[in-house]
Amino acid sequence: MAAASCYFEELVEGEIFRSPTRTIAECDLYAFAGLTGDLTDFHISTEAAKASVFGQRPAHGMLLVSLANGLYNRIGVTDETGMALAGIEWRFLSPGFIGDTVHLIVSVEKKRELDTPDRGLVFWNARLCNQRGETVCSGRMIRMVRRRPPQISQTGGGSS
């Protein structure tokens, strides 16, 4: 179930969210390779992968980052308030393979107000985990999130 969309002020440091799952499919590797031009043999060739350090075809590292971003969006916590992805810092800890089912766990690390009054930055700690609960990759996502609009006072002014 998706979380309710939150404004900057409503997000609490330390709050944790978990995404739905997604299984990495063979077609994901081919689509990503074609889209990016990253045709590294061990991603697209079973025989090359057998001879690699991985022993089988791993997902591209940047595909894993892209999946993490998509899974973040499936949480829904900033669906209506998110303004931009402002940055990422990422580490790859173990490979993700075809057939792995991954999910994302994010927590609000910190928030920073900006000079522009309608937005702030939220720093998210993020972990992409496989079906065994192992962290495949992790890092920080920095997202620009809309602030709650100021309340407009409503004064009576109708005619009688």
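Me: At 43% relative accessibility, what does E89 count as?
Reply: Buried means under 20% relative accessible area, exposed over 50%, and partly exposed in between (1.4 Å probe, protein chains only). The relative accessibility of E89 is 43%, so E89 counts as partly exposed.

Me: What kind of model is this?
Reply: Residues are numbered from 1 along each chain as its sequence is written, and side-chain values use heavy atoms, with hydrogens and water left out. Local features need pLDDT of at least 70, side-chain atom pairs count only at pLDDT 80 or more, and totals for chains, interfaces and linings use all residues, since the model is predicted.

Me: How far apart are the closest N and O atoms in the salt bridge of R140 with E89?
Reply: A salt bridge is a side-chain nitrogen of Lys or Arg within 4 Å of a carboxyl oxygen of Asp or Glu. R140 and E89 form such a pair. R140, at 18% relative accessibility, counts as buried. The closest N and O atoms of R140 and E89 are apart by 3.8 Å.

Me: In which strands do R140 and E89 lie?
Reply: Helices (H or I, at least four residues) and strands (E, at least two) are DSSP runs, numbered from the N terminus. The two residues are 51 residues apart in sequence, and their pair ties together parts of the chain because they lie in separately numbered strands. E89 is in strand β3 (residues 82–92), and R140 is in strand β6.

Me: How many residues apart are R148 and E10?
Reply: The side chains of R148 and E10 meet in a salt bridge, at 2.1 Å from N to O. This pair links distant parts of the chain, with E10 in the segment before β1 (16–18) and R148 in the segment after β6 (135–146), and the separation is 138 residues.

Me: What is the relative accessible area of R148?
Reply: E10, the salt-bridge partner of R148, is partly exposed at 33%. R148 is partly exposed too, and its relative accessible area is 38%.

Me: With which residue does R119 form a salt bridge?
Reply: R119 is partly exposed, with a relative accessible area of 23%. The closest N and O atoms of the pair are 2.8 Å apart, and the partner is D118.

Me: Which residues do salt bridges that share partners join into one network?
Reply: By the salt-bridge rule, the count comes to ten. Shared partners among them make one network of E9, E113 and R147.

Me: At what angle do helix α1 (residues 26–36) and helix α4 (residues 61–75) pack?
Reply: Axes are lines fitted to C-alpha atoms, for helices over the stretch in contact, and angles run from 0 to 180 degrees between N-to-C directions. Angles under 35 degrees count as roughly parallel, over 145 as roughly antiparallel, 65 to 115 as roughly perpendicular and the rest as oblique. By that scale α1 is roughly perpendicular to α4. The axes are 10 Å apart, and the angle is about 105°.

Me: Which residues of α4 make the contact with α1?
Reply: Contact means heavy atoms within 4.5 Å. On the α1 side, D28, L29 and F32 take part. The α4 side is made by M62, L63 and S66.

Me: At 5% relative accessibility, what does S138 count as?
Reply: S138 is part of strand β6. Beyond its neighbours within four places in sequence, S138 touches E89, W90, R91, L93, A126 and R127. With 5% relative accessibility, S138 counts as buried.

Me: How many bridges pair β4 with strand β5 (residues 119–129)?
Reply: Two strands pair if DSSP finds at least two bridges between them. β4 and β5 pair in the antiparallel sense, and the number of bridges is ten.

Me: In β4, which residue is the bridge partner of R18?
Reply: β1 pairs with strand β4 (residues 101–113) in the antiparallel sense over three bridges. For R18, the partner in β4 is I105.
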